[in-house]
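This report describes selected local features of one protein model. The sequence and the structure are shown first, and the description follows.

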Amino acid sequence: MKKTKKICLSILYLALAIVILGGIYAKNKAVAAVEQYAWVVYWDADSCIEELNRGKNNLSGVSIFALNFDENGKFVFPQDWKKLNNAVTKMGVSKRYLTVVNDVFSTKGTTFPKDLNIMKLLFKNEKTSLNHVTELIKEAKKGGYDGLEIDYEGLWKDPDLVKKYQLFLQQLTAESAKENLPVRIIL
């Protein structure tokens, strides 16, 4: 438990440092604009589209939820995702982020939300983690997204998995920077 707390605190301190350094950078660059994003979900696509149509002029961008997995770690887009993605694209919102979550849709029709087993599979070792990074970036680029948003939940219960997640985040930020693809991490 103490180990998990230390790891969580390390990630928290890292996130705070990024925010502080980003603020210093923004201040030095005289950037005062606030960006507003909407997060839209496939299971309520019609309502999301309706609300976006009303407020799209006030938004800097939209995070489109979600890219999921099958039980083998392959990407799965939910059925109504395409409708939502197409509508957001047609609206011409300036930035679109692809949100990825650790939910698993099995071939038998069962859904496993916040699945840790899929994270263990993807982060099994440094090579599988880097492969996951490569596939994420490829999927974001293929879909014409302006950024990638990672929303992997439940990891904090497993200290070993947290260490592997930290490696993944290092790999992801390094590789996405090479592709000029912004990444946001949801904690």
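The model is predicted: local features need pLDDT of at least 70, side-chain atom pairs count only at pLDDT 80 or more, and totals for chains, interfaces and linings use all residues. Residues are numbered from 1 along each chain as its sequence is written, and side-chain values use heavy atoms, with hydrogens and water left out.

Q171 lies in helix α6; helices (H or I, at least four residues) and strands (E, at least two) are DSSP runs, numbered from the N terminus. With a relative accessibility of 10%, Q171 counts as buried; buried means under 20% relative accessible area, exposed over 50%, and partly exposed in between, for a 1.4 Å probe and protein chains only. Leaving aside residues up to four places away in sequence, Q171 touches E126, S129, L130 and V133, where contact means heavy atoms within 4.5 Å.

## Helix α5

Helix α5 comprises 17 residues, 126-142, which at 1.5 Å a residue should span 24 Å; its end C-alpha atoms are 24 Å apart, in agreement. The expected span is 1.5 Å times one less than the number of residues. S129, H132, V133, L136, I137, E139 and A140 are the buried residues of α5. Seen down the helix axis, the buried residues of α5 fall within an arc of 160 degrees, so they line one face; the arc is that of the directions from the axis to the C-beta atoms. K127 and K142 are exposed on the other side of α5.

The elements that cover the buried residues of α5 include β2 (61-69), β3 (75-76), β4, α4 (116-122), β6 and α6. At the start of α5, a side-chain oxygen of N125 comes to within 3.0 Å of the backbone nitrogen of K127. Just after α5, G144 has a positive phi of about 70 degrees.

In strand β6 (residues 147-151), five of five residues are buried. G147, E149 and D151 are on one side and L148 and I150 on the other, and both faces are covered. In a regular strand the side chains alternate between the two faces of the sheet.

Strand β6 runs parallel to β4 (residues 96-105), with five bridges joining them; two strands pair if DSSP finds at least two bridges between them. Within this pairing, D151 of β6 is the bridge partner of V101. Three bridges join β6 to β7 (residues 183-185), also in parallel, and L148 stands opposite V183 of β7. Together β6, helix α6 (residues 159-178) and β7 form a right-handed β-α-β unit; right-handed means that, with the strands pointing away from the viewer, the path from the first strand over the helix to the second runs clockwise.

## Backbone features

A cis peptide bond, with omega of about 20 degrees, joins F65 and A66. A66 belongs to strand β2.

K114, which is not a glycine, has a positive phi near 50 degrees. K114 lies in the loop between β5 (111-112) and α4 and is partly exposed, at 42% relative accessible area. N180, also not a glycine, has a positive phi of about 55 degrees. N180 lies in the loop between α6 and β7 and is exposed, with a relative accessible area of 68%.

Definitions and conventions: A polar contact is a pair of N or O atoms within 3.5 Å; within protein, one must be able to donate a hydrogen and the other to accept it, and residues adjacent in sequence count only if both atoms are side-chain atoms.
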